[in-house]
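We will go stop by stop: select, look, move on.

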Amino acid sequence: MKKIFPLLLALLCACSSTSEKFDILITNGSIYDAENRTFYEGDIGITGDKIDEIGDLRGASAKRTIDASGHIVSPGFIDMHSHIEAIMRMPDAENVVKQGVTTVLAGPDGRGPSPMKPFLDSLETFELGINTAWLVGHNSIRRNVMGTENRAPTDEELAEMEAAVQEAMDNGAYGISTGLKYVPGSFSEIDEVIALSKVAAKTGGIYTSHLREEGLGLLEGVGEAIQIGHDADIPIILTHHKAIGRPMWGASTKTLAMVDSARALGIDVMMDQYPYTASSTGLSVLIPTWAMAGGQEEFKKRVNDPATRKKIHDEIMFNIEYDRGGADLDVVQFANVSWKPDLNGRTLKDWAIEKGLEPNFKNGADLVIEGQLNGGASCIFHAIGEEDVKRIMQHPLAMVASDGGLARPGVGHPHPRSYGTFPRVLGHYVRDEQVIPLELALAKMTSLPAERLGLTDRGYIKEDMQADIAIFDPETVNEGGTFEDPHHYPVGIPFVIVNGTVTVDSGELTEGRAGRVLRKK
Ligand SMILES: [Zn+2]
């Protein structure tokens with residue numbers, strides 16, 4: 001017995017954690033103060049999931065010390081438009097967290113889950129790499145109640161939709177999203193959206209709008225969103241704000257003026273934006289939504305009728321020439337084509353040439369119909385002007401948002417925003433192009449989104465806040481991918497901490513999964 005005692009004591013000492021003051025100590029970093037939009041030198045001690053102490057902590061003991069010399073220590077980034085629909089298949093969200101993102105607002109474009117409670121309850125059983133907050137989707141609700149019918153709801157249907165918004169808000173949704181460009185949201189009039197937004201507003205929700213039009217109808221689309229915000233008395237986000245299609249390049253001057261004058265009238269409107277000159281959505285965005293009412297079978301019937309097909313074809317040609325098609329078949333790049341994967345990364349022009357067709361608008365429109373009949377495809381549309389990207393970025397109330405999805409290296413040919421939105425802003429637009437100062441860029445990624453969502457324990461580095469932290473090198477941070485070769489993680493973001501758990505360590509994903517399902521209280 002005598003011999004065992006010292007060994008037992010040693011083992012007990014090794015197991016004990018009380019001897020260390022902190023779980024994690026971050027030293028020598030330049031800490032971003034989101035409140036004053038400045039930086040200061042200091043150390044951060046983390047205990048459990050919280051920021052425990054900030055100051056000169058030299059000599060303090062910790063289980064893990066991270067030397068952040070030469071690095072910025074920022075609150076973890078908050079992505080205000082994230083397509084993490086596949087989160088239950090890819091709960092680690094590797095391509096998201098590696099950008100320094102610790103929280104996302106999901107369910108945008110009218111696609112958020114409904115009913116909310118079973119979805120969030122189920123999500124809570126997963127081990128998540130990031131925190132997720134959710135919007136209920138207008139399109140999801142409308143589809144549940146009315147299918148894809150192209151008409152106004154009856155009073156009973158509207159009441160049912162209002163109850164669905166209420167259910168979501170009662171169970172932790174942060175607001176409502178619309179996608180008025182997409183079926184079936186496109187079939188709704190403004191009154192319906194106002195009625196539903198009022199329900200979300202009552203419990204402090206926000207309204208995030210994928211506008212009815214972002215090309216030729218952009219100004220009307222912005223006007224409609226502002227009207228909804230005013231009439232429903234709800235804070236608005238014009239999401240992934242942009243002007244798409246050459247005829248509209250430069251129109252952000254007008255839309256930003258509309259935002260400013262709405263704010264002067266007391267309407268609480270903000271924006272978010274991804275830092276790229278290309279959008280990404282379904283090929284079907286080029287097809288008039290009336291042609292898709294009732295689903296794929298109805299679409300087939302319509303294109304089999306020569307007169308209706310001509311009408312559809314004419315409208316697609318118009319969209320190729322003047323809207324998201326960018327007046328060039330090379331503008332439309334395939335991202336994910338299940339029925340012809342060799343198209344991934346290639347363009348509508350490439351497909352036309354492969355088929356021995358002249359790459360003109362007429363043949364392009366035929367191929368769009370053919371692609372949709374085959375089941376559709378996700379595409380990248382290179383139709384946004386760089387000057388608009390920069391102008392919107394310079395607006396103090398335009399937050400950063402990816403509009404990206406969960407991605408795995410080698411799967412499809414996604415828009416590079418899924419891997420690179422946040423590092424691209426910090427590397428390309430802040431450091432290299434000097435479009436906005438770093439202090440403002442970080443506010444757009446941290447405090448502004450946190451305030452917008454009403455998060456009181458994230459978005460800042462303060463004692464007792466949740467320990468969500470991104471550590472990056474301002475000299476090297478950048479995205480790793482391109483439109484040609486998107487599947488690369490960013491560089492210059494060595495550490496990401498989520499609720500006190502090191503989730504990215506020296507640039508590599510750890511086993512740590514401390515993300516939470518956030519529910520608005
Ligand atoms: Zn959208």
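**Stop 1**

Select Asp79 and Val104. Asp79 stands opposite Val104 in β7. Now widen the selection to β6 and to strand β7, residues 101-106. These two pair in the parallel sense over four bridges. Two strands count as paired if DSSP finds at least two bridges between them. Helices (H or I, at least four residues) and strands (E, at least two) are DSSP runs, numbered from the N terminus.

Before going on, two notes on the model. Residues are numbered from 1 along each chain as its sequence is written. The model is predicted: local features need pLDDT of at least 70, side-chain atom pairs count only at pLDDT 80 or more, and totals for chains, interfaces and linings use all residues.

The three strands form an open sheet in the order β6-β7-β8, with parallel pairing.

**Stop 2: helix α15**

Select residues 438-445. In this helix, α15, the buried residues are Ala441, Leu442, Ala443, Lys444 and Met445. A residue is buried if 20 or more other C-beta atoms lie within 10 Å of its own, exposed if 12 or fewer, and partly exposed in between; C-beta atoms are placed from the backbone. What do the buried residues of α15 pack against? Their partners are β1 (22-33), β5 (72-75), β6, β17 (398-400), α14 (417-432) and α16 (447-453).

**Stop 3: a six-stranded sheet**

β17 takes part in a sheet too. Six strands form this open sheet, in the order β9-β10-β11-β12-β13-β17, and the pairing is parallel. β9 (136-137) and β17 stand at the edges with a single partner strand each, so one side of each is left without a neighbour in the sheet. Zoom in on strand β12 (residues 236-238) and strand β13 (residues 269-273). Three bridges join these parallel strands. The bridge partner of Ile237 is Met270 in β13.

**Stop 4: helix α4**

Select residues 138-146. Seven of the nine residues of this helix, α4, are buried, so it is largely enclosed by the rest of the structure. They are His138, Asn139, Ser140, Ile141, Arg142, Val145 and Met146. The buried residues of α4 pack against β9, α5 (155-170), β10 (175-179) and α6 (190-202). Step just past the helix to Gly147, which takes a positive phi of about 65°.

**Stop 5**

Show helix α7 (residues 218-232) with α8. Their axes come within 10 Å and cross at roughly 15°. Axes are lines fitted to C-alpha atoms, for helices over the stretch in contact, and angles run from 0 to 180 degrees between N-to-C directions. That makes α7 roughly parallel to α8 (angles under 35 degrees count as roughly parallel, over 145 as roughly antiparallel, 65 to 115 as roughly perpendicular and the rest as oblique). Leu218, Leu219, Val222, Gly223 and Ile226 in α7 meet Lys254, Thr255, Met258 and Ala262 in α8. Residues are in contact if their C-beta atoms, placed from the backbone, lie within 7 Å.

Ser252, Thr253 and Leu256 of α8 make the contact with Asp388, Arg391 and Ile392 of α13.

**Stop 6: strand β16**

Select residues 378-381. Are the faces of β16 covered or uncovered? Both are covered: Ser378 and Ile380 on one side and Cys379 and Phe381 on the other are all buried. Strand β14 (residues 279-282) pairs with β16 in the antiparallel sense over four bridges. There, the bridge partner of Ser279 is Phe381 in β16. Strand β15 (residues 332-336) also runs antiparallel to β16, joined by four bridges. Gln333 stands opposite Ile380 in β16.

**Last stop: Gly345**

Find Gly345 in the loop between β15 and α11 (348-354). With 20 C-beta neighbours inside 10 Å, Gly345 counts as buried. Gly345 and Phe334 are 11 residues apart in sequence and 5.3 Å apart in space, C-alpha to C-alpha. Leaving aside neighbours within four places in sequence, Gly345 is in contact with Gln333, Phe334 and His413.

Technical notes. Contact = placed C-beta atoms within 7 Å.
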